[in-house]
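Please consult the sequence and structure below alongside the notes.

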Amino acid sequence: MGIISGKEYIDRINKLQSDVWVEGERVSGNISEHPAFKGIMKSQAKLYDLQFDKKKQGIMTYTSPISGEKVGTSYLIPKTKEDLERRRHMIQEWAKSNLGMMGRSPDYMNTALMAVSAGADVFSSNKPEFARNLVRFYEEARENDYSFTHTFINPQTNRALFHFEEDDQIIAAKVVDQNADGIVIHGARLLATQGGITDELIVFPSGGNLQGKEFAFAFSIPSNTKGLSFLCRESFAYRDSTFDHPLGARFEEMDTVLVFDHVLVPWERVFLHENMECANKMYSETSFFPLVLHQVISRQVVKTESLLGVAQLLVDTINIGEYQHVQGKISEIIVALETLKALLYSSEHHASFDKWGTMAPELNPLYSAINLFPRLYPRFTEILQLLGASGLVSIPTEKDFASAKREDLERYLQGTNTNGHERVKLFRLAWDICLSAFGSRQTLYERFFFGDPIRLASNLYRSYDRTDFTSRIQEFLKER
């Protein structure tokens, strides 16, 4: 089958009729027509259509080693540094279409699935058939261009270091039974972004110390599996107007709580079961972290470029570029952008083969970037607020410009080199980045995208080899 079109993606998700709940009501009919999902599904469909663009198909696709069909480059297991570069170009091509605002575009989980399947032998330490399940499913997903939501996180009921649940009150999803058909999962998981609008749900072990072997599992199931529900937060796609909500109307991905009500996972879909050692190895002994972080930082570079573009247009529109404090703020974003790019390129330049024969980018530059970005992004949004100032409040709507007062708005809200309508359109974009509900969620999202920032810093501290540097200093101190 190979790559699918945007229409095929939408038709496939509509056909699933997954159990999705928004504001106390179950979504009925075509989910692509629901106000909370139609914008993001339309935007996602455009990503799939980009794979058919003949000018870009060499970047967006490659030839399947099994079927000979064109398949998505996000599934490509890199074997050379050129493969990594090709993957980056693909990731960034998709990111540019949404200004980097879609954190869970299909390439994210496609990359995660590819990374663990490339090191599938790790799962043989649990059971050999689990490794075979994983490789077979990766190939199935690649050949059918599946889309995925996922979950790594348990509910925040009690975050004490040594909290254990009572057996009679299951909260975090765990295995409660198994039989000849598969394992049975009951409980809840967070935080399935794009939940209910993908073909499949991938469930991986939660990070940190697992409470017991019943929490050590990994699998993938269709989004419409019996007993699986997606409970949505409030939608930030408040209006269809892309003038009023240029980002929220297009790229509101939705976050969901996953509820497993005695969900049966067939054995052929199980990748890991009741093996806590293997649950840890799937992250530490595969190239999961370097390959997934390569995708994440590639997108974040595009997002930073986009915010730099918005910031500079604000400066140009109200002619404040001669002020040194303004120049300093723009330069902050430039320095951040060039730093992220340098770290990304460094990871590719120093890439090497892992134990499974996969060309993996160097982890330290990527880990440095993912430690840096959660501190950078809130500053970017603050800079937009400082540059836009009261202009981010004086933003009438599309209907206002269609009213009898348009002439007044055009006159009094004009910019240095643009009319009122175009100036407000730009300022509404800046507002949707740094002040709206959509924008505030983006800031929180980037703060915690790859986990707790403190834990990320601790991981870097523990993993970064500093022996050469300390030895150098010790040798210097011995000199007379």
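A residue is called buried under 20% relative accessible area, exposed over 50%, and partly exposed in between (1.4 Å probe, protein chains only). The model is predicted: local features need pLDDT of at least 70, side-chain atom pairs count only at pLDDT 80 or more, and totals for chains, interfaces and linings use all residues. Residues are numbered from 1 along each chain as its sequence is written, and side-chain values use heavy atoms, with hydrogens and water left out.

**Salt bridges**
- The whole structure holds 25 salt bridges, each defined as a side-chain nitrogen of Lys or Arg within 4 Å of a carboxyl oxygen of Asp or Glu.
- Lys405 and Asp408 form one at 3.9 Å, N to O; Lys405 is exposed at 53%, whereas Asp408 is partly exposed at 30%.
- Arg239 pairs with Asp244 at 2.9 Å, N to O; Arg239 is partly exposed at 41%, and Asp244 is buried at 3%.
- Arg233 meets Asp255 at 2.8 Å, N to O, and Asp255 is buried at 8% relative accessible area.

**Sheet**
- Six strands form an open sheet with mixed pairing, in the order E2-E1-E10-E11-E7-E6; strands (E, at least two residues) are DSSP runs numbered from the N terminus, and two strands pair if DSSP finds at least two bridges between them.
- Strand E7 (residues 182–193) pairs with E11 in the antiparallel sense over nine bridges, and Val184 has Leu264 in E11 as its bridge partner.

**Strand E11**
- Val257 lies in strand E11 (residues 255–266) and is partly exposed, at 31% relative accessible area.

Note on methods:
Helices (H or I, at least four residues) and strands (E, at least two) are DSSP runs, numbered from the N terminus.
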